[in-house]
Amino acid sequence: MKSIKQIALGTAVALGVGFSGLATTVAQAEDANYVPLLTYRTGPFAASGIHIANGMHDYLKMLNERDGGIGGVKLELEECETGYNAQKGVECYEATKGKGALVYNPYSTGITLQLIPKAGVDKIPVLSMGYGLSAAADGSVFPWVFNVPDTYWDGASVVIKYIGEQEGGLDNLKGKKIGYIFLDAGYGREPIPLLEQLAEKYGFELLQYPVGVKEMQNQSSQWLNVRRDRPDYMVMWGWGAMNPTAIKEAVKIRFPMDKFIGVWWSAGDDDAAAGGEGAKGYKAMNFSGVGSDFPALDDIKKHVVDAGLSSTDASSIGGTLYNRGVLNSVIIAEGIRTAQELTGKKVITGEDMRMGLEALNLDEARLKELGLAGFAHPMKVTCEDHAGSHPVFIQEWDGKQWRQASGWIEPMTDLVRPLLEAAAAEYAEKNAPWPARTEPCPN
Amino acid sequence: MLYDIFIDPFVQMYEMPDFFLQVLWEGFVAGILYALIALGFVLIFKASGVFNFAQGIMVVFAGLTLVGLNENGVPAYLALALTIAAMGILAYGVERVVMRPLVNQPDIILLMATIGLTYFLIGFGEFVFGGEPKQMITEELGLPTGSTAIEFGERGLVILQHIDIAAAVIAVLMVAALGIFFNKTRIGRALRAVADDHQAALSVGISLNQIWAIVWFAAGLVALATGIMWGARSDVSFALEIVAFKALPVLILGGFTSIPGAIVGGLIIGFGEKIGELYWGGLVGGGIESWLAYIIALIFLLFRPQGLFGERIIERV
């Protein structure tokens, strides 16, 4: 009898808590803009995911604390742990979309691919900042997906362009060997079509070294192959535990580190530090600020980290991946602000947010106003181009920290854009009936 | 095609002997490390018939405890001692909370319990240490770093990492110590008795609970050694848990109950997958080692279903 009473009491308490929680959510949704953050602080990819999650959270939280949100409306933030797992990512999406979600940042190409068909149906845009499906840059086919500031194909073209510069011109790539080591998942396979096209065009040999998720920390075979094949350059598309292991293995086989270049996701401070002294000279692409010398980051420290409103360790502010997370949230925040201006509404919907992102114009003046002058290259989204193919730079590890090692390098837009459009058309055909764009263009 | 399969790999081995030696060395080191992981599984399976699904996370847990303590100002050797103590407490806790209430339950229930233990340790570990990867305190523990390059021929080079040499030495010492423990000590003999027959062992006064706690502790020590060695090669993070499952083909090959089987199985898999990947992998686009290990194990199983050194089970009806 006692146990029945306990169960009844427990159920009542649970229901009470549940309803009050629901009531709070609804109440908040009416006077707040709800931004779910799909993050991963656990699992094999936590090494990279934690910094990104902290950066994303802290910038938006800072806007709440310092400015009272955006346009006088607070942001309601909710993190959902995906573990970089596509199934869990979709579960997070389904669990949060009904709460008035404005935008999703999957932080996984696998999850992004799952959400792309859902975005137009649920009218909630997907922002895959510098990752995801490259073809989604074609806004006429993918009005609900944004991959500003660059696609992986843009990135791959920049790497080859940079290598060409080192060799005295792209024509000198003829006969060279370029190795490509990548996480054998949707993410790592994404740039291969473009790299193959570039190999054909410029006459270099592309050597591929896939690393399975289960082999991330066991790459000796891949690097023995590298040692035997003796590529002139190595390019890496790694994530999570794959990055530090690859850098350690490269040091181990004495690969010249100045000829080893990672994508912007293989640019973490911990990744390079793992290689110790031997990692000096390792390079990676980047499109977000290096270091913590920015007024907006000072505000994050003051209003969020020092105030105990974040799990961020103050020393990690300014790290490459932390800053990347901040830039992601800058784009979210500017999308919301633009949407508010366009619609005249304070509390916006996913449809408004789509318009805001499509009209995004983060110019130098605005970056300065945000306290982020020089933090990123000015970026602009148009209805046709949701990535923008913005310039990126190369940074180099000096044994202790990253230093900018090149100026801004433009992607090979003339080559990439037609391929992106062809790939978008192919995607629409394969997923027929893919809806024709009916969404209005705010520009 | 036939040339690529049957002749070219051997020509390569002949023409680049330094590279072949490097492949053999890497295979040897990988084999030793696989064997270390497999040992943890074997110890527990031998004494209790349980496939310990949690062995992988025990590797992570031991590594994180060691590094986490050191990060908090505990000197390396004291941290090592405290980690050993922590593995002892874990072993005692597992015996009291997980194993003891499940005595006489079917093996599948015990397997499920170790899966539960895995998820508990993942959650508990992340709660205590966070999800960020940590650098192994290799130098603080007095383990060697750096490498030695041996010149071979005119431009040949074989590079030996000092930490890999240390891994091999530690693995050999560990196996020798376990061998002596199992064969020469009273507890070791009791453990073997438990492995043979639980009820018979109980009837002669052997404490099943005590033996299980000891065996989980031994598996914890093996996990710690594995965590240090693998952690030094990459870093200590929860991703290491996945590496532990490299031991599965080793167990299939070497048998679930044999310590020499784990060693020999580990070496066969280590050499096999490296040589296979480096000399034949290119024919199918590379990346074959993750499944090649299972193919090697299955081929052996065709001829010895109980594994190389496993006990042959004959049930009469």
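Start by selecting A:Leu362, which is buried because 26 other C-beta atoms lie within 10 Å of its own. Throughout this tour, a residue is called buried if 20 or more other C-beta atoms lie within 10 Å of its own, exposed if 12 or fewer, and partly exposed in between, with C-beta atoms placed from the backbone. Everything here comes from a predicted model, in which local features need pLDDT of at least 70 and side-chain atom pairs count only at pLDDT 80 or more, while totals for chains, interfaces and linings use all residues. Residues are numbered from 1 along each chain as its sequence is written, with chains lettered from A and ligands numbered from 1 in the order in which they are written.

**Around A:Leu362**

A:Leu362 belongs to strand β10 (residues 361–362) of chain A. Helices (H or I, at least four residues) and strands (E, at least two) are DSSP runs, numbered from the N terminus. A contact needs the C-beta atoms of two residues, placed from the backbone, to lie within 7 Å. Then pick A:Met56, 306 residues away along the chain; its C-alpha atom is separated from that of A:Leu362 by 17 Å.

**Zoom out to chain A**

Of the 443 residues, 54% count as buried. Among contacts in chain A between residues at least 6 apart in sequence, 71% join residues at least 24 apart.

**Backbone stops in chain A**

Most residues other than glycine have a negative phi, and most peptide bonds are trans. Here are some places to look at with that in mind.

- A:Val148 and A:Pro149 are joined by a cis peptide bond, with omega about 5°; A:Pro149 sits in the loop between β4 (145–146) and α5 (152–166) of chain A.
- A:Ala432 and A:Pro433 are also joined by a cis peptide bond, with omega about 0°; look for A:Pro433 in the segment after α15 (413–430) of chain A.
- A:Lys123 has a positive phi, near 60°, and lies in the loop between α4 (109–122) and β3 (126–127) of chain A. It counts as partly exposed, with 16 C-beta neighbours inside 10 Å.
- A:Arg254 has a positive phi, near 65°, in the loop between α9 (242–252) and β8 (260–262) of chain A.

**Where the chains meet**

Next, colour the two chains separately: 28 residues of chain B are in contact with 29 residues of chain A. On the side of chain B that touches chain A, α3(B) gives the most, with 5 residues. The residues on that side of chain B divide into 11 nonpolar, 9 polar and 8 charged. Ala, Val, Leu, Ile, Met, Phe, Trp, Tyr, Cys and Pro count as nonpolar, Asp, Glu, Lys and Arg as charged, and the others, Gly among them, as polar.

**Last stop: a helix pair in chain B**

Finally, select B:Ile187, B:Ala190, B:Leu191 and B:Val194 in α8(B), which meet B:Leu208, B:Ile211, B:Ile214 and B:Val215 in α10(B). The residues of this contact divide into 8 nonpolar, no polar and no charged.
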